[in-house]
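Work through these exercises with the structure open. Try each task before you read its solution.

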Amino acid sequence: MKLRSIRRILFGIVPIALSMLACSTTQLFASPTPTLTATSTITPTSTSTPTSTPVPPPPFTISSCVFEEDCPQARLFTTYMDSDLQWDVQNRVVFPFDDTVRLNQAWCAKDETFLESNLEHIKYIFEIDGISYLDYATIKPGVWWGDGDPADAIPCTFIGAMLSDFVVDQNHLIIIGFSFDTEVNDGWESIAPSGKAVQLEMVPVFIPTATATAIPTATNTPRPLPVYTATPTCVVDSSIDISNTTGGLVTLYLKGPGSFTFYINPGDSSLPVCSGTYSYTAYGCGGASDTGTMSGGESHEFFCQ
């Protein structure tokens, strides 16, 4: 039966369903490989007398949303990913920091009877950086039929949220999904008690929209110059030479004697800065990033691996 092949946990439900790694001195930008981590499980209940601990406010704005029609201004988090979601790893999601992002996940069963029996033992999970913000999540019933006939729709329970107001360079680990306190049967198979949650490393970045201005060199060969902004509190009397061999744009933030933002095109560039040492954050190679230090008068290379 076709439905036997359906994954019981569904990520990024379609709307119809209710919804540089850098190192200074030879920089290295690489698309990060997810880090293996343990699957989320239920935390045992303490037998000691509990002490009330205030939950800190979330690090960004969380609004009610599960399906596309609930928040059409938000983009589903899977649209930012270059590969499919995976279990037991931190799935890296790189997105513009000023975007509004929608999360959702579903647990489905063969029919309403099986789903109701599952829901008697379900625990919803919505954690940010190790802290539960379940009260901020939205839980809704719905149906799913994937790419098939709506007549084959199966009942589900969904958990989701809309996220906004991220801060550049402040990454967050989000765990969203379900766990069960006993073995359950979804109508196709029995499933042992375990956590069924996806882990997302949310990486808000600044993605420039400006394009660089090209000027002719002495050989009349166009050579693009970096586009940059600066708010120096010092005299711009030095430079940092950059060789960008990534094949694409590199965004470089410098903080030190002054604050600078450079959008560096492929090729060689000389960045005007104040003398001194800077901490930097750089982005390139399809969203890879790194931090480190560099100083006026130095030469650095960025490349992908």
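**Exercise 1.** In which strand does Ser164 lie? Decide also whether Ser164 is buried or exposed.

Solution. The model is a predicted one.
- Step 1: find the strand. Ser164 lies in β10.
- Step 2: read the accessibility. Ser164 has a relative accessible area of 14%. Buried means under 20%, so Ser164 is buried.
- Step 3: list the contacts. Leaving out residues up to four places away in sequence, Ser164 touches Phe60, Thr61, Asp99 and Thr100.

**Exercise 2.** How many disulfides does the model contain? Describe each of them.

Solution. Look for pairs of cysteine sulfur atoms within 2.5 Å. The count is three disulfides.
- Step 1: start with Cys65 and Cys71. Their S to S distance is 1.7 Å, and a disulfide joins them. The torsion about the S-S bond is about -55 degrees, so this disulfide is left-handed. Cys65 is buried at 1% relative accessible area. Cys71 is buried too, at 1%.
- Step 2: go on to Cys108 and Cys156. The sulfur atoms of this disulfide are 1.9 Å apart. The link is right-handed, with 100 degrees about the S-S bond. Distant parts of the chain are joined here: Cys108 is in strand β6 (residues 101–108) and Cys156 in strand β10 (residues 154–164), 48 residues apart. Cys108 is buried at 1% relative accessibility, and Cys156 is buried at 2%.
- Step 3: finish with Cys234 and Cys274. Their sulfur atoms are 2.0 Å apart in a disulfide. With 90 degrees about the S-S bond, this link is right-handed. The pair again links distant parts of the chain, 40 residues apart. Cys234 is in the loop between β17 (227–230) and β18 (238–244). Cys274 is in the loop between β21 (267–273) and β22 (277–284). Cys234 is partly exposed, with a relative accessible area of 28%. Cys274 is buried at 1%.

**Exercise 3.** Which residues have the most contacts inside the largest nonpolar core? Name the strands that each supply at least two of its residues.

Solution. 
- Step 1: size the core. The largest nonpolar core has 33 residues.
- Step 2: name the residues with the most contacts inside it. These are Phe77, Leu103, Phe126, Leu163, Ile174 and Leu200.
- Step 3: name the strands. At least two residues of this core come from each of β5 (90–96), β6, β7, β10, β11 and β14 (195–205).
- Step 4: follow one residue. Beyond residues up to four places away in sequence, Leu103 touches Phe77, Phe126, Leu163, Ile174 and Leu200, among others. The contacts of Leu103 also include Cys65, a partner in the disulfide with Cys71.
- Step 5: look for another core. A second, separate core has 16 residues, among them Val273, Cys274, Tyr280 and Ala282.

**Exercise 4.** Where is confidence lowest in the chain, and where is it highest?

Solution. 
- Step 1: take the whole chain. Its mean pLDDT is 77, and 73% of its residues reach 70 or more.
- Step 2: Confidence is lowest in strand β15 (residues 214–216), at a mean of 37. The highest value is 97, in strand β3 (residues 61–63).
- Step 3: The pLDDT is below 50 over residues 1–9, a stretch with 23 contacts in the model beyond near neighbours in sequence. Residues 210–227 are also below 50, and this stretch has 28 such contacts.

Technical notes: Residues are numbered from 1 along each chain as its sequence is written. This is a predicted model: local features need pLDDT of at least 70, side-chain atom pairs count only at pLDDT 80 or more; totals for chains, interfaces and linings use all residues. Side-chain values use heavy atoms; hydrogens and water are left out. Buried means under 20% relative accessible area, exposed over 50%, partly exposed in between (1.4 Å probe, protein chains only). Helices (H or I, at least four residues) and strands (E, at least two) are DSSP runs, numbered from the N terminus. Contact means heavy atoms within 4.5 Å. pLDDT is the predictor's confidence in each residue, from 0 to 100. A nonpolar core is a set of buried Ala, Val, Leu, Ile, Met, Phe, Trp, Tyr and Cys residues joined through side-chain atoms within 4.5 Å.
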